[in-house]
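Student: Can we walk through this one together? I'd like to start with the interface.

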Amino acid sequence: MLKVASIHPAHRGEALELPIFFGSVRAGFPTPAADDHFETKLDLNAMLVKQPSATFFVRVEGDAMHDVGMWSGDLLVVDRSLTAVDRSIVIAALDGDLLVRRLRRVGKRTFLEPEPNEGESIEITAETNFEVWGVVTYVIHSLENR
Amino acid sequence: MSLFALIDCNNFFASCERVFNPRLVGKPVVVLSNNDGCIVARSNEAKALGIPMAAPYFQWRAVIEQHNVHVFSSNFALYGDMSRRVMDVLAGFLPEECFEVYSVDEAFMNLDCLLRGDDYAANREKLLSFAEEVRRTVRQWTGIPVSIGIAPTKTLAKAANRMAKKNAGANSIFACLDEATADAMLAAMPVGDVWGVGRKLSEAYRAHSITTALDLKNAPEEWVRKRATVVGWRTQRELRGVSCVRLESTNEHQHSILHSRSFRHAVTSLDQLHEAVASFTGRAAEKLRRLGLVCGCVSVSVRTNRFSSEDYFSNGGEALLPFPTDSTIDLVNAASMLVDKIAQEGQGYKKASVTLFDLTPRNRVQTDIFAQPDTRHESIMHVMDTLNKRFGKDALHLAASGSSITGSRSGSPLGSHAWQGATDERSQRYTTHWGELKVVRS
């Protein structure tokens with residue numbers, strides 16, 4: 001075990017924090033406002049995940065939503081803290097299955113529609129076993145191996 | 001004057017499974033302990049079939065198959081992540097010092113800050129709408145249903161939560177804000193169900209005709225104090241609405257770390273038992289370092305099968321360390337000495353537990369000039385944690401934990417050690433592994 005102590009592992013996977021400094025510095029005179037000008041690095045997590053405790057990632061299978069740019073194999077960011085409204089792209093719990101569709105509220109009627117919408121639209125009635133599981137906020141689509 | 005809420009996730013493990021598999025809603029579901037030996041969680045439908053908590057799986061197999069009960073192995077990666085989400089949502093409702101994570105699926109809140117004036121009843125509507133907002137938000141954001149009990153003490157809040165669960169019509173929320181409500185609630189509650197009353201104490205109470213929580217509340221104070229010490233007396237005062245157990249807010253550090261597992265097959269060789277205990281100690285030490293704590297006392301316990309063996313054997317012991325440490329090497333040495341002391345040859349061991357006690361923040365340790373920790377351990381532990389984080393659990397471990405550890409990862413040979421847990425019916429780790437995400441149809 002003691003031999004291992006001489007290994008110094010590289011910290012891969014941990015981004016270096018290199019703040020950009022915009023404050024002007026006068027020799028011998030600290031600018032009190034300089035700290036305000038440290039810029040934090042861009043964080044894709046913060047951008048895609050607004051509510052970490054309510055955000056789930058799921059994988060989509062099937063191309064019925066390709067008109068909104070969602071293809072089989074894509075990763076979806078789902079934010080359950082959002083309330084679905086007319087035209088939201090939602091994950092619907094429908095008869096025990098999870099299905100991604102566009103939610104439409106037309107008057108008092110509710111539909112789940114594919115995109116393009118010449119596909120089969122599902123009307124939600126009092127008898128349907130239906131719940132909005134979450135609202136899809138982003139599609140992450142890889143351009144590798146395609 | 002104080003007011004507490006206990007928020008408890010309904011059938012937590014079963015509910016976690018349902019979030020990702022809505023087909024299970026309304027169907028009986030049970031979750032097994034990590035060796036698939038005992039039933040550790042039941043949906044309401046499974047409870048209705050009479051399946052008791054902690055029942056051995058094999059005893060109920062016939063009932064389970066007959067009623068198409070859905071059976072899952074424990075998926076701790078999923079349950080741990082869902083627990084963190086629920087607690088994060090709850091913590092968002094109140095200042096940090098008003099919130100206490102009590103267990104993986106329970107949290108206390110201090111609601112004093114919501115009260116206006118001295119009259120609980122006048123605040124009733126406000127409290128109920130706050131509780132409803134909490135319940136609705138946790139359900140929407142995480143998919144987990146919770147029940148909420150509100151009362152002037154923690155012990156009564158626990159009892160109120162039990163009412164909220166029993167009373168389907170009460171919308172999963174029950175507020176106990178006056179003595180008449182408390183008495184009615186306590187009269188319907190067996191004394192053994194009171195928070196802090198263990199099996200032995202409840203037997204002693206029942207021997208003296210104290211069968212309900214209300215009996216305990218009304219028992220002579222002197223007698224309770226003599227028979228059940230100051231702990232029982234505190235419980236009695238809490239039942240009377242006098243708050244004695246304060247909120248332990250989460251920014252205080254943890255007081256012990258437990259790593260305990262049942263073995264898939266009985267472990268008969270002491271060498272294997274040593275390996276298992278060393279491995280458990282390693283896991284606990286890893287957590288210790290992650291929390292920035294050091295430990296002054298290690299305890300180890302082992303036992304044979306409680307259900308099948310006529311000669312049930314269990315033993316335990318603890319060791320004080322010469323100085324507080326977070327080094328796996330020091331801790332495994334101590335645990336190993338304990339195993340030598342407590343374990344007997346020729347037993348079939350079914351379970352081992354390692355607990356680290358006497359925890360203090362690393363930066364608050366007083367150094368003793370006579371007993372100095374080996375400073376080289378620090379760099380070794382750092383390397384160990386870094387490599388394990390990068391290459392997976394147990395990529396680097398002490399030789400004492402066995403030479404072919406695989407852990408219970410999917411895709412690796414399961415149970416190459418007899419002591420390793422089985423996870424035959426585990427669902428996907430939907431929230432912690434990219435390769436196991438939930439697939440939705442399009």
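Tutor: The area buried between chain B and chain A is about 3,300 Å². Carbon and sulfur atoms give 60% of it. Buried area here is the accessible area (1.4 Å probe) that two parts lose on being put together, summed over both.

Student: Which residues of chain B lose the most area to chain A?

Tutor: B:Trp141, B:Val440 and B:Ser442, together 23% of what the chain B side buries.

Student: What kind of model is it, and how are things numbered?

Tutor: This is a predicted model: local features need pLDDT of at least 70, side-chain atom pairs count only at pLDDT 80 or more, and totals for chains, interfaces and linings use all residues. Residues are numbered from 1 along each chain as its sequence is written, chains are lettered from A and ligands numbered from 1 in the order in which they are written, and side-chain values use heavy atoms, with hydrogens and water left out.

Student: Back to the contact. How many residues does each chain put in?

Tutor: Chain B gives 31 residues and chain A gives 41. Contact means heavy atoms within 4.5 Å.

Student: How many salt bridges cross the interface of chain B and chain A?

Tutor: The rule finds 3. It asks for a side-chain nitrogen of Lys or Arg within 4 Å of a carboxyl oxygen of Asp or Glu. One of them joins B:Arg23 and A:Asp97 (3.0 Å, N to O).

Student: New topic: strand β3 of chain A. Is it mostly covered or mostly uncovered?

Tutor: Mostly covered. Residues 89–94 make up the strand, and 6 of 6 are buried, meaning under 20% relative accessible area (1.4 Å probe, protein chains only). Strands are DSSP runs of E, at least two residues, numbered from the N terminus.

Student: Which way do the side chains of β3(A) point?

Tutor: A:Ile89, A:Ile91 and A:Ala93 point one way. A:Val90, A:Ala92 and A:Leu94 point the other way.

Student: How many bridges join β3(A) to β4 of chain A?

Tutor: 6, and the two strands run antiparallel. Pairing needs at least two DSSP bridges. They form a hairpin with 2 residues between them. In that turn, A:Asp95 has a positive phi of about 50°.

Student: And how many to β7(A)?

Tutor: 5, again antiparallel; β7(A) covers residues 130–140. A:Ile91 stands opposite A:Gly134 there.

Student: Last one: how many residues does chain B have, and what share counts as buried?

Tutor: 442 residues, with 51% buried. Chain B holds 13 helices (H or I, at least four residues) and 13 strands.

Notes:
Buried means under 20% relative accessible area, exposed over 50%, partly exposed in between (1.4 Å probe, protein chains only).
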